Amino acid sequence: MIAGTATISSVKPERLYIRNALTCFMTLMKDCKNGIVGDAIKTVAADEGIDPADLCRLVAKGLVTIPKNNNKNREITPVGIGQMMRTKINANVGTSRDYIDAQDEILKAKTAVRYGAGAIMDLSTGGDLDDVRQQILSEITVPVGTVPLYDAAASAPMVVEMTSDDMFNAVRRHAKQGVDFVTVHAGINQNTVSKLMKSGRMMDVVSRGGSFTVAWMIHNDAENPFYQEFDYLLEIAAGYDVTLSLGDGMRPGCIHDASDAPMFEEILVLGELVLRSRAADVQTFVEGPGHVPIDQIQTSVHFMKQTCHDAPLYLLGPIVTDIAPGFDHITSAIGSTIAGAAGVDFMCMVSPSEHLALPTVEDIKTGMQVTQIAAHAVDLVKTGPKERAWKMDNQMAAARKNLDWETQYKLSIDPVHARKVRESRNSESEACSMCGNLCAMKIVERELEKGKKNSLEKAAKTQK
């Protein structure tokens, strides 16, 4: 056995102690299985317009996830992700080793929340990671997620020199600090890596956490600790009521690699881990690809939903073409909309700087605006939020017909932007400056009114 790795049969004594100590903790899922309708359930139910008892049953079955750490020192607005819930958006922020400015990342996170993000992930890899994370946790009032493996890797001389203790200690440290959900690449195992080596992929592994895991396994000739000791991971999560975001370390990084054996092998494993998590009363959602052509998106989503037992699905894109650097917020929104209509519950905002650079505050704003459009388009066809979404669109249609600009601004994705665009084009007409007095709605409305009046007059004469 390689030094620093641990198998089920060689679990350290302190791990056994923690296992025994954490089994007495209650989690939201366990409460729901016992029919306990708590404050988080009531809050989300009111926000979503669903009966609290119905929501409680969905959480108990693992069909809805409400990420919320049991840390009493941090209050957040709980968010529901999954069946019957509105489509939610996550925004990624975080320092890099090339650019370390915690305040800038906090501003990005606040901007994302202002423009509709239901969750924030801190993916920091540069600077004092504990401090950056704590600042974000103290400033942000929506669920916050992290990837503890980044922290473990940063503490080692080289990624492949991490120990299994480093990995689990990072998860525990993040959970204790108050993080609501953590991405763990537990679906990668020796079979997955074997599939990868035979796959003929062009881009191998583009997931940062996935690459750390695969490199560690190959270098140490050992199984993935998060997979091998998944029960231990569950006990840490249960102790802090942290949701596990089951990461897609094998997600395709280009269209060529979409829907291949490594991707599907990992999803099969994730399906098993979802059931084990539910048995341990730990909430989960499942991450998905990646770069996928539009004709494969629906098949991929349906396979993931079925294989992972209808767990809430969180997609990173999918990006539908590789040739649009600088515009990948658009390629992602196209894929997200198709995926959402097929059953995705949680979208990851992609900014215009994806594949190019660390995003700016303006990039975050633009990415959120486009992703909000995709999420609302999905809600128009999604059971649960459909009625509310249609109501908004019908209200907008009525406002357009009546040339009610203030209501149009109010209902728009970005009222400030909509007002700015209209007011930047001076027009003496009450219509838009493109049509002016040739407004189609005004012309037809006027003639329809005349037609109705004439019809009534003719009907009256006929009756006489």
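A salt bridge is counted here when a side-chain nitrogen of Lys or Arg lies within 4 Å of a carboxyl oxygen of Asp or Glu. The model is predicted, so that local features need pLDDT of at least 70 and side-chain atom pairs count only at pLDDT 80 or more, while totals for chains, interfaces and linings use all residues. Residues are numbered from 1 along each chain as its sequence is written, and side-chain values use heavy atoms, with hydrogens and water left out.

## Overall fold

The protein has 20 helices and ten strands. Helices (H or I, at least four residues) and strands (E, at least two) are DSSP runs, numbered from the N terminus. The C-alpha trace spans about 100 × 50 × 40 Å along its principal axes. For 464 residues, a compact globule would have a radius of gyration near 23 Å, and the 25 Å of the protein agrees with this. That radius is taken over C-alpha atoms, and the globule rule is 2.2 Å times the number of residues to the power 0.38.

Of the 464 residues, 53% count as buried. Buried means under 20% relative accessible area, exposed means over 50%, and partly exposed is in between (1.4 Å probe, protein chains only). The protein exposes about 21,200 Å², and carbon and sulfur atoms supply 55% of this area. Accessible areas come from the Shrake-Rupley method with a 1.4 Å probe; for residues, only the protein chains shown count as cover.

A contact means heavy atoms within 4.5 Å. Among contacts between residues at least 6 apart in sequence, 74% join residues at least 24 apart.

## Charges and salt bridges

Side chains of opposite charge can pair when their charged atoms come close. The structure holds 21 salt bridges. The protein has 49 positive and 58 negative charges, and their mean positions are 9 Å apart. In this count Lys and Arg are positive and Asp and Glu negative, with His and the chain ends not counted. The place of a charge is NZ of Lys, CZ of Arg, CG of Asp or CD of Glu.

| Pair | N to O distance |
|---|---|
| Aspartate 231 and arginine 276 | 3.1 Å |
| Arginine 86 and aspartate 47 | 2.4 Å |
| Arginine 419 and glutamate 423 | 3.6 Å |

Aspartate 231 forms its salt bridge with arginine 276, the closest N and O atoms being 3.1 Å apart. This pair links distant parts of the chain: aspartate 231 is in helix α12 (residues 230-240) and arginine 276 in helix α13 (residues 261-279), 45 residues apart. Aspartate 231 is partly exposed at 38% relative accessibility, and arginine 276 is also partly exposed, at 33%.

Arginine 86 and aspartate 47 form a salt bridge with closest N and O atoms 2.4 Å apart. Here too distant parts of the chain are linked, with arginine 86 in the loop between β2 (81-82) and β3 (88-93) and aspartate 47 in helix α3 (residues 39-48), 39 residues apart. Arginine 86 is partly exposed, with a relative accessibility of 23%, and aspartate 47 is partly exposed with 39%. Both residues belong to a network of salt bridges that links Asp47, Glu48, Arg86 and Lys88.

Arginine 419 is partly exposed, with a relative accessible area of 30%.

## Surroundings of leucine 273

Helix α13 contains leucine 273. Leucine 273 is buried, with a relative accessible area of 0%. Apart from neighbours within four places in sequence, leucine 273 is in contact with Ala186, Gly187, Phe230 and Leu246. The C-alpha atoms of leucine 273 and aspartate 231 are separated by 9.7 Å, the two residues being 42 apart along the chain.

## Backbone features

Proline 289 and glycine 290 are joined by a cis peptide bond with omega of about 25°. Glycine 290 is in the loop between β8 (284-288) and α14 (294-307). Another cis peptide bond joins glycine 317 and proline 318, with omega of about 0°. Proline 318 is in the loop between β9 (313-315) and α15 (328-342).

Aspartate 221 is not a glycine but has a positive phi of about 50°. Aspartate 221 is in the loop between α10 (208-220) and α11 (225-228), and is exposed, with a relative accessible area of 67%. Histidine 309, also not a glycine, has a positive phi of about 60°. Histidine 309 is in the loop between α14 and β9 and is partly exposed, with a relative accessible area of 30%.
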